[in-house]
Amino acid sequence: MRVDSKDKKIKDIFTKKEYIIPDYQRDYSWEENEEIAIFWDDFLYFLKSESGENFFLGPMVFRGDNGIDSSKLEVIDGQQRLITLSILISVLVSLFEKNKQPDLAEGLKEYLIFRDLEKKD
């Protein structure tokens, strides 16, 4: 098995990707006062900083037929962060819809809904 390490933007992680969570993965277990609080504090710090640096999520490990460029990826490590990001994006979509900003909501929905555009029915 070949292992590649690549820096990815959040939009690249979510765009045109389908993630498979294997049965052996643990259930989502991040606690609000522990891991989620740390994630949120890091995220807010990043948003407020003017350093121009990228937000580091930590390592995530995926397996796919064509490596990280596969459209279908099995999650080996990073499931908790991937799900937390999905929840955050879902909340932002809801807030944008509630505040009558449908363009922003629809733009973010593209990161949450996988569409297999190459599949021929």
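Where does Lys-100 lie? Lys-100 sits in the loop between helix 3 (79-98) and helix 4 (102-112); helices (H or I, at least four residues) and strands (E, at least two) are DSSP runs, numbered from the N terminus. Bear in mind that this is a predicted model, where local features need pLDDT of at least 70, side-chain atom pairs count only at pLDDT 80 or more, and totals for chains, interfaces and linings use all residues. Residues are numbered from 1 along each chain as its sequence is written, and side-chain values use heavy atoms, with hydrogens and water left out.

Back to Lys-100: its phi is near 55°, a positive value in a residue other than glycine. Lys-100 counts as exposed because its relative accessibility is 72%, and exposed means over 50%, buried under 20%, and partly exposed in between (1.4 Å probe, protein chains only).

Now turn to the core. The largest nonpolar core has 19 residues, and Ile-13, Tyr-19, Phe-39, Leu-57, Phe-62 and Leu-82 have the most contacts inside it. Such a core is a set of buried Ala, Val, Leu, Ile, Met, Phe, Trp, Tyr and Cys residues joined through side-chain atoms within 4.5 Å. At least two of its residues come from each of helix 1, helix 2, strand 3, helix 3 and helix 4, with helix 3 giving the largest share, five residues.

Setting aside neighbours within four places in sequence, Ile-13 is in contact (heavy atoms within 4.5 Å) with Lys-8, Tyr-19, Leu-57, Met-60 and Leu-82.
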